[in-house]
Amino acid sequence: MAHKESAVADEPIDVLFALHDKFNLMDFAGPLEVLTTALHDQSDPASKAFEVTIAGGSPTVISEQGVSVQTQINWKDAKERLNDFDVLVVIGGGTDAVLKNKGEPLNLITAYSELQQSDPTRERTLLSICTGSLFLAQQGILAGLSATTHPDYITKLEILCSQAATRDLGERTDVVDDARYVVNNLRFELGDEDENPYIRRKSDAGRRPSNARKGSISFKGATRRESIARRASMRLGGLRVITSGGVAAGLDATLYLVSVMVTEESANQVAQFMQLTWTKGIVVDGLDV
């Protein structure tokens, strides 16, 4: 596969889904539906914006709901092909066994992060759905970042992040308990605050003041391009890290990903097709390029 500096050309963006035993089916199926519905050109059904590959520990992985999903590659092949993928999606559900046994996709997550740090010329995104963020916390990926998870697991996320910071002598994580999703290492241009849908304002009722920055306009609409040197200086080599809450919040986060990697129009079209009301999350560490 040819080396890509960015995943915004009118060609499919390569996405790897990591499925572990007892994963949550809807954490997988919801984002999968969003990504496979998105188009580069709304008038051309053949202009699929994303191409999905499913990885797992065996040819068939069983969800916690008892549904079997066929994988396309195993963990070993996934690691060997990591450079092919622009996005890695980590699913929630069945997290206790993975954390206890230090099983996959933990090492896959670390390898993807290290790949970005060794090659910051490439734009990559790590997206966790629901309790998938616990895997990121365990691996120390969230050090110095902001993150969220399913509301019932906020305390566990805080504990894992604290343990990782102590273990790795790393920075603390700002765990956000009132956001649908949290985006770190935003890039591209920043829109006007009054017009931008991604910023959480201090005046929002019932919410604490936030350090949220304005969300990005899609790369296609930007008139300026980011500096690779500045990307390299960001945490994790500029790896975009998105964590989300439960099933529905995972849909919101995936729509955000479509909006910045394809277009806002594409994300809105997907939401309309799926009859979703897209609820925006927050974005931190914005970089005005």
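These legends walk through several close-up views of one predicted model.

**View 1. The whole chain, before we zoom in.**
Start with the overall picture: nine helices and 12 strands make up the secondary structure of the chain. The chain has 289 residues, and 55% of them count as buried. Now look at who touches whom. Take the contacts between residues at least 6 apart in sequence: 75% of these join residues at least 24 apart. A search for disulfides across the whole structure comes back with zero.

Helix 1 covers residues 25-37. Which residues of helix 1 are buried? They are Asp-27, Phe-28, Gly-30, Pro-31, Val-34, Leu-35 and Thr-37.

**View 2. Met-26, a partly exposed residue of helix 1.**
Stay with helix 1 and pick out Met-26. Its relative accessible area is 44%, which means it counts as partly exposed, since that class runs between 20% and 50%. Leaving aside residues up to four places away in sequence, Met-26 touches Pro-31 and Val-247. Ile-91 is 65 residues away from Met-26 along the chain, yet their C-alpha atoms are separated by 9.3 Å.

**View 3. Helix 8, wrapped by the rest of the structure.**
How many of its 15 residues are buried? The count is 13, so helix 8 is largely enclosed by the rest of the structure. From its first C-alpha to its last, helix 8 reaches 21 Å, close to the 21 Å expected at 1.5 Å a residue.

**View 4. Val-52 in strand 2.**
Here we move to strand 2, where Val-52 is found. Is Val-52 buried or exposed? Its relative accessibility is 17%, and the cut-off for buried is under 20%, so Val-52 counts as buried. Setting aside residues up to four places away in sequence, Val-52 touches Val-15, Phe-17, Leu-32, Thr-36 and Gln-72. Another residue to look for is Ile-13: it sits 39 residues from Val-52 in sequence, and the two are 8.4 Å apart in space, C-alpha to C-alpha.

**View 5. The largest pocket.**
About 190 Å³ of space lies in this pocket. Its lining is made of 14 residues, and those lying nearest the centre are Glu-64, Gly-93, Cys-130, Thr-131 and Tyr-153. What classes of residue line the pocket? There are eight polar, three nonpolar and three charged residues.

**View 7**
Cys-130 is one of the residues nearest the centre of the largest pocket. Its place is in the loop between strand 7 (125-128) and helix 5 (133-138). With a relative accessible area of 9%, Cys-130 is buried. Cys-161 counts as buried too, at 5% relative accessibility.

**View 6. Thr-95 in helix 3.**
Thr-95 is found in helix 3. It is buried, with a relative accessible area of 5%. Not counting residues up to four places away in sequence, Thr-95 touches Thr-131, Leu-134 and Phe-135. One of these partners, Thr-131, is also among the residues nearest the centre of the largest pocket.

Some background first: most residues other than glycine have a negative phi, and most peptide bonds are trans. Lys-22 is not a glycine, yet its phi is positive, at about 65°. Lys-22 lies in the loop between strand 1 and helix 1, and at 48% relative accessibility it counts as partly exposed. Cys-130 also has a positive phi, near 55°, without being a glycine. Where is the cis peptide bond? It runs from Glu-104 to Pro-105, with omega near 20°. Pro-105 is placed in the loop between helix 3 (95-101) and helix 4 (106-118).

Note on methods:
Residues numbered from 1 in each chain as written. Predicted model: local features only at pLDDT ≥ 70, side-chain atom pairs only at ≥ 80, totals over all residues. Heavy atoms only, no water. 1 Å grid on protein atoms, 1.4 Å probe; cavity = no way out; pocket = protein on both sides within 12 Å on 5 of 7 lines; lining within 4 Å. Points joined across faces, edges and corners; volume = space filled by probe spheres on them. Nonpolar A, V, L, I, M, F, W, Y, C, P; charged D, E, K, R; others polar. Disulfide = S-S within 2.5 Å. Buried < 20%, exposed > 50% of the residue type's maximum accessible area, 1.4 Å probe, protein only. Helix = DSSP H or I, 4+ residues; strand = E, 2+ residues; numbered from the N terminus. Contact = heavy atoms within 4.5 Å. Expected span 1.5 Å × (residues − 1).
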